[in-house]
Amino acid sequence: MATHHHPSQHPRRLHRGIVLLAAVSAAALPLALTSVAEAATGPDTPVSVDSSYVKANGATPSTGDAITTCGTNRRQQNEPTAAVDPGNPSIVTAGSNDYCTVELAGGTWAGFYRSTDGGGTWTDSLLPGYPTDSSAEGLASPLHQRGITNAGDPVQAWDRDGRLFYMGNAFNRVAPQNGSVWVATYDQHAAHYVRTVVVGKGGPALNSRFNDKTSIEVDRGLSSSYAGNVYVAWSVFQGLRGNNEIMFARSTDHGRTFSQPMRISEGSLGNQFADIAVTRNGTVYVAWNGTVGSRATGHDAMLWVRSTDGGRSFTRPAVAAQFDGFDAADSAGDPQAAEAAHEDAFEHADGPESDVEPSSAGDSRDCGSGPFACRSGFVFFRHDSQPRITADPADPSNTVYLVYDATIPSTEVPSTSTYNTAPVRNGTLMVGQGAVYLTVKVGNGGWVTPRLLAPTPVGHQLFPDISADGGYLFALWHDSRNDPGYSVQNPPGNASATDAAGFHLPTVGLDTYGASSADGGATWSVVRLSSSSQMPNYEMFGDRRVPFHGDYNYVSSVGNFAFGTWTDTRQVVGGDDPRYDGGEGFDVLQCRTANPDGSFGTDTCPNAGGLDQDIFGAAYSN
């Protein structure tokens with residue numbers, strides 16, 4: 001979840017300490033990354049279901065408990081995680097930024113979802129400790145004790161003994177902000193909640209230190225001396241003048257305590273979107289998105305570090321791959337109004353603040369209607385390039401796999417509007433096709449030259465993830481190849497044609513695709529996971545005037561079984577916003593009464609389906 005201060009700073013000066021390593025020839029590990037067949041897939045189903053939630057450990061809700069309306073109030077969920085139990089793959093857990101608590105508690109919280117039939121059906125719950133949670137587990141939570149009112153950015157990982165570790169961030173939307181990161185432990189194959197601990201604490205001021213963008217992994221390596229260690233990493237945003245840093249901590253006692261956080265991004269800049277992998281022999285890798293070079297000529301890069309002593313110490317940051325980012329940007333029609341509207345939405349738990357990316361060519365990362373309208377007339381959700389890294393805990397070669405979404409350089413052309421996604425070239429706004437890249441590192445060798453994982457002549461690919469276990473690889477991403485309005489000039493879900501008010505017409509938008517490989521990524525079988533295309537640009541945030549589709553998707557696997565999760569809007573009820581002309585097809589159901597002065601009142605039917613953004617998931621195999 002985006003938080004109040006989430007400036008992804010992209011300074012362009014290369015500091016001493018970053019090691020620019022040339023990519024190794026692809027001949028070192030042949031990667032013929034052409035889709036060759038259809039993978040097997042099960043039906044895609046809702047993970048966040050529109051039925052009543054249950055409290056952790058079977059506790060009974062008290063009067064006024066926010067969980068009593070969860071599910072039935074059909075509020076938004078986004079930014080899913082997923083984790084398959086290595087001891088019993090029929091048990092799958094998931095989580096999300098869950099807005100079901102906004103109605104009675106006034107803030108968002110971390111949803112917790114569990115399936116015992118391989119993701120076929122789900123029991124939905126919440127992490128204990130949210131406002132109005134008077135259970136023993138809730139009152140004992142340090143989040144409750146610190147007066148935290150919002151939690152999200154969910155990530156999860158299992159050990160080999162039936163323990164699940166659930167990490168996220170927590171914060172207040174007004175001072176004291178206290179932007180922190182936490183780890184919760186569940187045992188008995190995630191049937192029982194044990195505890196929550198705070199791993200990194202933020203400051204009270206709105207411009208102070210803020211911990212965000214979380215990642216977690218457990219050492220499940222079959223020959224590791226550190227098996228069972230829990231590793232966590234996250235970004236710390238240090239106010240308007242500080243450099244984003246990647247922090248790391250570890251637990252050697254199954255999540256009871258964590259080490260003092262340490263900075264592992266020394267000498268690198270513009271750091272965020274960390275992810276962790278652990279190999280069979282216990283080597284820990286952390287990768288993240290950063291920048292190398294000067295402000296004038298710098299370039300996006302996926303950076304990485306490695307630890308061979310159980311997370312006690314790390315190498316200096318090095319470059320795994322340089323790339324052209326695939327980051328949505330535009331220019332607001334009224335920048336001050338847009339900034340104020342984002343601020344108001346954030347404070348009222350009605351969406352992210354969506355601070356401007358300093359490296360973007362424009363002042364808007366997302367566009368909608370009213371104060372959120374952009375000069376291009378497009379309506380779109382925010383997205384930025386990010387890495388995901390994984391390793392097979394049974395693989396004796398100790399290979400690591402890194403995927404990321406980026407712009408294909410050969411597709412880059414000048415933008416015909418203020419909308420842009422690729423790096424600016426000689427002062428000209430650029431656009432291009434977004435795609436998922438894969439690079440591989442075998443043991444102590446170097447990273448192979450990145451290649452497209454699932455090339456397609458049309459369609460953008462974004463929000464990728466990858467998982468490795470038992471000799472199989474699984475990947476997942478959003479994909480707009482089925483969008484009839486696809487063009488490098490258009491955001492997903494937007495046609496080139498416009499309506500009378502100047503807004504681009506809506507199209508079918510996005511699907512979710514998966515891929516599997518049984519030969520170390522040399523070949524891939526690709527499958528469409530979503531049975532229905534979705535419109536990702538529904539304006540269900542910012543008082544029903546701007547979209548937000550989360551920042552990531554997730555896949556987890558055990559052997560030849562994978563379960564993927566993604567944000568999905570197919571169950572959203574469309575409507576018409578009477579306040580503004582144009583943009584029909586992006587509006588959601590809302591009920592507003594006209595005032596004598598021509599203005600309109602608030603939406604009086606928020607639970608009627610206009611906000612029914614969900615987490616969907618599907619199982620698939622090679």
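This is a predicted model: local features need pLDDT of at least 70, side-chain atom pairs count only at pLDDT 80 or more; totals for chains, interfaces and linings use all residues.
Reader: Fine, so how many residues of β20 are buried?
Author: Strand β20, which runs over residues 387–391, is mostly covered, with five of its five residues buried.

Reader: Which strand does β20 pair with, and is the sense parallel or antiparallel?
Author: The partner is β21, residues 399–407, and the two strands pair in the antiparallel sense over five bridges. Within that pairing, A391 stands opposite V400 in β21.

Reader: Switching to covalent links, how many disulfides are there in the whole structure?
Author: A search of the whole structure finds three disulfides. If the bonded cysteines are counted along the chain, the disulfides follow the pattern 1-2, 3-4, 5-6.

Reader: Take C70 first: what is it joined to, and what is the handedness?
Author: C70 is joined to C100 by a disulfide with an S to S distance of 2.0 Å, and with 70° about the S-S bond the link is right-handed. C70 lies in the loop between β3 (45–46) and β4 (77–84), while C100 lies in the loop between β5 (92–98) and α1 (102–105), so the pair ties together parts that are 30 residues apart in sequence.

Reader: Are C70 and C100 buried or exposed?
Author: C70 is buried, because its relative accessible area is 0%, and C100 counts as buried at 0% relative accessibility.

Reader: What about C367, and why is its disulfide called left-handed?
Author: C367 is joined to C374, with an S to S distance of 2.0 Å, and the torsion about their S-S bond is about -85°, so this disulfide is left-handed. C367 counts as buried at 0% relative accessibility, and C374 counts as buried at 8%.

Reader: That leaves C591 and C605; how far apart are their sulfur atoms?
Author: The sulfur atoms of C591 and C605 are 2.1 Å apart, and with 90° about the S-S bond their link is right-handed. Both C591 and C605 lie in the loop between β34 (561–568) and β35 (614–621), so the pair ties together parts that are 14 residues apart in sequence.

Reader: Where do C591 and C605 fall on the buried, partly exposed or exposed scale?
Author: C591 counts as partly exposed, because its relative accessibility is 30%, whereas C605 counts as buried at 12%.

Reader: Now backbone geometry: which residues does the cis peptide bond join?
Author: The cis peptide bond joins A175 and P176, with omega at about 0°, and P176 is found in the loop between β9 (164–171) and β10 (180–187). For context, most residues other than glycine have a negative phi, and most peptide bonds are trans.

Reader: On phi, what is the value for N178, and where is N178 placed?
Author: Phi of N178 is near 50°, a positive value in a residue other than glycine, and N178 is placed in the loop between β9 and β10. N178 counts as buried, because its relative accessibility is 11%.

Reader: And A190, what is its phi?
Author: A190 has a positive phi of about 70° although it is not a glycine, and this residue is found in the loop between β10 and β11 (192–200). A190 is buried, with a relative accessible area of 2%.

Reader: Last topic, helix α4: how many residues, and what distance does it reach?
Author: Helix α4, residues 335–347, has 13 residues and reaches 18 Å from its first C-alpha to its last, close to the 18 Å expected at 1.5 Å a residue.

Reader: Which residues of α4 are buried, and where do they fall around the axis?
Author: The buried residues are A338, A341, H342, A345 and F346. Seen down the axis of α4, they fall within an arc of 135°, so they line one face of the helix. The face of α4 turned away from that buried side carries the exposed residues Q336 and E339.

Reader: What covers the buried residues of α4, and what follows the helix?
Author: What covers them includes β9, and α4 is followed by A349, whose phi is positive, near 55°.

Key:
Residues are numbered from 1 along each chain as its sequence is written. Side-chain values use heavy atoms; hydrogens and water are left out. Helices (H or I, at least four residues) and strands (E, at least two) are DSSP runs, numbered from the N terminus. Buried means under 20% relative accessible area, exposed over 50%, partly exposed in between (1.4 Å probe, protein chains only). Two strands pair if DSSP finds at least two bridges between them. A disulfide is a pair of cysteine sulfur atoms within 2.5 Å. The expected span of a helix is 1.5 Å times one less than its number of residues. The arc is that of the directions from the helix axis to the C-beta atoms. Contact means heavy atoms within 4.5 Å.
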